[in-house]
Amino acid sequence: MDIRIGQGYDVHAFGAGDHLMLGGVRIAHDRGVVAHSDGDVALHALCDAMLGALALGDIGVHFPPSDARWKGADSRDLLRHCASLVAADGWRVGNADITVVCERPKVGPHAESMRATIAADLGIDTGAVSVKATTSERLGFTGRGEGIAAQAVCLLVRA
């Protein structure tokens with residue numbers, strides 16, 4: 001088969017801090033996230049989608065929270081590592097689609113920067129990367145402002 005599809009999901013609780021990382025972009029916010037790495041839910045979901053398309057497990061297998069090397073890690077490094085696994089297996093990312101779920105911060109003003117950052121890290125055109133957001137209509141943990149979540153889908157094509 002010349003294509004593979006993967007999907008990913010990640011969630012982090014809000015905690016102390018003055019910013020969060022989202023799609024590789026630093027966003028000022030009145031809280032940070034509780035995470036072993038920088039807690040970038042958008043990139044973590046995308047990494048899981050890429051790894052899933054390759055049937056290589058999930059982000060926890062490749063970057064376990066029990067491993068001190070990943071403490072405070074830049075999620076862009078994780079994404080680039082996953083991209084290298086994709087390439088090593090003879091694939092390339094055809095496109096990626098990410099949805100962030102939160103009440104705040106507002107994602108729209110940062111979406112283009114996120115798309116450009118992700119595209120650069122994956123070595124693909126910005127037009128092949130979609131970043132969008134939705135709320136959960138004040139329902140559940142994201143609706144109550146307790147945390148943030150992201151879903152991602154990516155298509156891999158033979159290189």
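Guide: A helix here is a DSSP run of H or I with at least four residues, and a strand is a run of E with at least two, both numbered from the N terminus. The model is predicted, with local features needing pLDDT of at least 70 and side-chain atom pairs pLDDT 80 or more, whereas totals for chains, interfaces and linings use all residues. Residues are numbered from 1 along each chain as its sequence is written, and side-chain values use heavy atoms, without hydrogens and water.

Visitor: Which elements make up the protein, and in what pattern do they follow one another?

Guide: There are five helices and seven strands, and reading along the sequence gives β-β-β-β-α-α-α-β-α-β-α-β.

Visitor: How do you know whether the radius of gyration agrees with that of a compact globule?

Guide: The radius is taken over C-alpha atoms, and the globule rule is 2.2 Å times the number of residues to the power 0.38. For 159 residues the rule gives a value near 15 Å, and the protein has 15 Å, so the two agree. The C-alpha trace spans about 45 × 35 × 25 Å along its principal axes.

Visitor: Why is Ala55 called exposed?

Guide: Exposed means over 50% relative accessible area, buried means under 20%, and partly exposed is in between (1.4 Å probe, protein chains only). Ala55 has 66% relative accessibility and therefore counts as exposed. Ala55 sits in the loop between α1 (41–53) and α2 (59–62), and its phi is positive, about 60 degrees, although Ala55 is not a glycine. In the protein as a whole, 50% of the 159 residues count as buried.

Visitor: Is Glu137 buried or exposed, and where does Glu137 lie?

Guide: With a relative accessible area of 62%, Glu137 is exposed. Glu137 is found in the loop between β6 (129–134) and α5 (140–143), and has a positive phi near 55 degrees without being a glycine.

Visitor: Why are α3 and α4 called oblique to each other?

Guide: Angles under 35 degrees count as roughly parallel, over 145 as roughly antiparallel, 65 to 115 as roughly perpendicular, and the rest as oblique. They run from 0 to 180 degrees between N-to-C directions, with axes fitted to C-alpha atoms, for helices over the stretch in contact. Helix α3 (residues 75–88) and helix α4 (residues 111–122) pack at about 40 degrees with their axes 9 Å apart, and are therefore oblique. Arg76, Leu79, Arg80 and Ala83 of α3 make the contact with Thr117, Ile118, Asp121 and Leu122 of α4, where contact means heavy atoms within 4.5 Å.

Visitor: What makes α1 roughly parallel to α3?

Guide: Their axes are 9 Å apart, at an angle of about 15 degrees, and this makes α1 roughly parallel to α3. Among the residues in this contact are Leu43, Leu46 and Met50 of α1, and Leu78, Leu79 and Val86 of α3. The contact residues divide into eleven nonpolar, two polar and one charged, where Ala, Val, Leu, Ile, Met, Phe, Trp, Tyr, Cys and Pro count as nonpolar, Asp, Glu, Lys and Arg as charged, and the others, Gly among them, as polar.
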